[in-house]
Amino acid sequence: MIIKINEMYLNRFFFILLSILPLSFLFGPAFSLINVLFFDIFFLIVLFLNKETYWIKNITVKILLLLYLYLIFNSFISIEINSGLLRNFGFLRLVILFVGINYFFYKYQNFKQIFNIWSVIILIVVIDIFIEVLFGSNILGYGQNAGRVASFFKDELIVGGFVLSFSLMIAGYYLNQLDKFSKIYKIITYTFMFILLFSIIITGERSNSIKALIGLLILFFIFHKFNIRSVVIILLITLSSAIIIFNKSNYLKNRYTDSIIHSIKTYTVSFKHGDPHHFKTGNLYAQLHRSGYDVFKKYPYLGVGNKNYRHETCVNKENKSYVCETHPHQIYFELLSEHGILGTLLILAVFSFLLIRGFKVNIEEKNFIGIGCFCYLFTVFTPLIPSGSFFTDYNISLFFINLSIMYASNKQLNIFNKR
C-alpha cells in the first residue's frame, strides 16, 4: 500500500517536471539541467518500484546506448580528454529522458495536458517577442541587443530556436484534432502556426527562420487536408507582414537582404582563401567552416574529440586558417572536426535510422505530433545553414525532447509497447 501511495506522488511530480520543461530553459542552462536530472531520478525510482526492465531490449534503446558507448570512447581518444569528458558521460541523462518520456506517454492518458501547458508557455514567449520588437524591450525590461531579439533569454540570442523547437510538435498536436472541431478552430490553428513562424522571423535569427520555413512547408505538404490555396495564403500573409516589418526596421532589412546576399557572394572565395572577416570579400561563417574543415584534414578518422575544436584552434597557432572559437558554427563541419569521418558516419547513421523509422511509422499512423517533431529534427541537419554546437546541453536537450516525443506519442513506436 505504501508503495502505491509513493508511486502516485511520484507520478504527479513526474507530470509537473515534464510540464515545466520548456519553462526551465527560460531560466537558464542550470535550471533546465536540474529539471532533466530530477526527471531522470524520479523516473528511475518509478521503474524500480514497478520492476519493469523489458524496454531495455528495445532496438531504439540499444542504438542510443551504442551511441553513448561511442561518446565514452571518444572522450579517451580526444586530444584533451578533460574538455569533453563531462559532456560525453552526461549524455546518459538524455537516454534516460528519452525512456522516461516514452514511459509517461505510454502509461498515462493525460499527456494532452502537457501540450496545452507547453502551448501557453510558448505563446507567452511569442507575445514577449512581439512586445520587444514593438517597444524595444520585453516585459522584463531586456532588449539591448543591437536590433536582435532575446526575449526572456536576456543577452543570449536563441529565442527563435527555442520557439522553433517546440512550435512544430505543438502545431502537429493541433493538426491531429482538426477533424473534431469547427472551421473556426481550423482558422485559429492556422493563425497560430503563422504567428509562430512570424515570431521566429522577427527575432532576426536567419538560420532558425529558414529552418522554421522549411519545417512548416514539410508539415503543410504532408498534412493531407492542407491544399495549395491554404499554403499560398499563409505564405503570402507571412511575406507581406515581413515586408511591412522590414521596411520599419533597417536592422531586419539588412539581416534578411543585404547580409544574406553578401554572404552568398563571398562564401566560396572566403572559404577557399580564408579572407579575414573585415575584408570586403570576407565571410565569417566561411572562415569558421574552413577552420573546421582544416581541423578535419589534420584529424581525418576520429577527429579531435567532442568539445575539443576550441582546444585545437585556440592553442595551435600554426595554421593561419584556424579561427579560435567554440565550434565551427555548422553541424557537419563540427562533427567532422570533432569526430572525424568514422565518428560522423556513426552519429549520422544512428540518427538517420531513428528519424527515418520514426517518420515512416508516424506517416502510417497519421500522427502529426510525431511528424511535427520529425520536421524539427530534419531541419537540425540542414546543410550549409549556420548552427549552434550540436552537443551543447541546450541544443542536444531540445533535440532529444523532440526525438523522445516523436517516438513516445506513437503507440507503435513507443519503446514500452511490448509488441
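The model is predicted, so local features need pLDDT of at least 70 and side-chain atom pairs count only at pLDDT 80 or more, whereas totals for chains, interfaces and linings use all residues. Residues are numbered from 1 along each chain as its sequence is written, and side-chain values use heavy atoms, with hydrogens and water left out.

**Helices 7 and 8**

Select residues 111-135, helix 7, together with residues 159-175, helix 8. Helices here are DSSP runs (H or I, at least four residues), numbered from the N terminus. The two axes come within 10 Å and cross at roughly 140°; axes are lines fitted to C-alpha atoms over the stretch in contact, and angles run from 0 to 180 degrees between N-to-C directions. Helix 7 is therefore oblique to helix 8, a term for angles that are not under 35 degrees (roughly parallel), over 145 (roughly antiparallel) or 65 to 115 (roughly perpendicular). The crossing of helix 7 past helix 8 is left-handed, that is, the near helix is turned anticlockwise from the far one by less than a right angle.

Helix 7 contributes residues including Phe-115, Trp-118, Ile-122 and Ile-129, and helix 8 contributes, among them, Phe-162, Phe-166, Met-169 and Tyr-173. The residues of this contact comprise 14 nonpolar, two polar and one charged. Ala, Val, Leu, Ile, Met, Phe, Trp, Tyr, Cys and Pro count as nonpolar, Asp, Glu, Lys and Arg as charged, and the others, Gly among them, as polar.

**Gln-113**

Remain in helix 7 and select Gln-113. Gln-113 is partly exposed, at 41% relative accessibility (buried is under 20%, exposed over 50%, partly exposed in between; 1.4 Å probe, protein chains only).

**The cysteines**

Select Cys-314 and Cys-324, whose sulfur atoms lie 1.9 Å apart in a disulfide (a pair of cysteine sulfur atoms within 2.5 Å). A search of the whole structure finds one disulfide. Its S-S torsion is about 95°, so the bond between Cys-314 and Cys-324 is right-handed. Cys-324 is partly exposed, at 44% relative accessibility.

Finally, select Cys-373 and Cys-375. The sulfur of Cys-373 is 9.2 Å from that of Cys-375, its closest cysteine sulfur, too far for a bond. Cys-373 is buried at 0% relative accessible area, and Cys-375 is buried at 0%.

Technical notes. Helices (H or I, at least four residues) and strands (E, at least two) are DSSP runs, numbered from the N terminus. Contact means heavy atoms within 4.5 Å.
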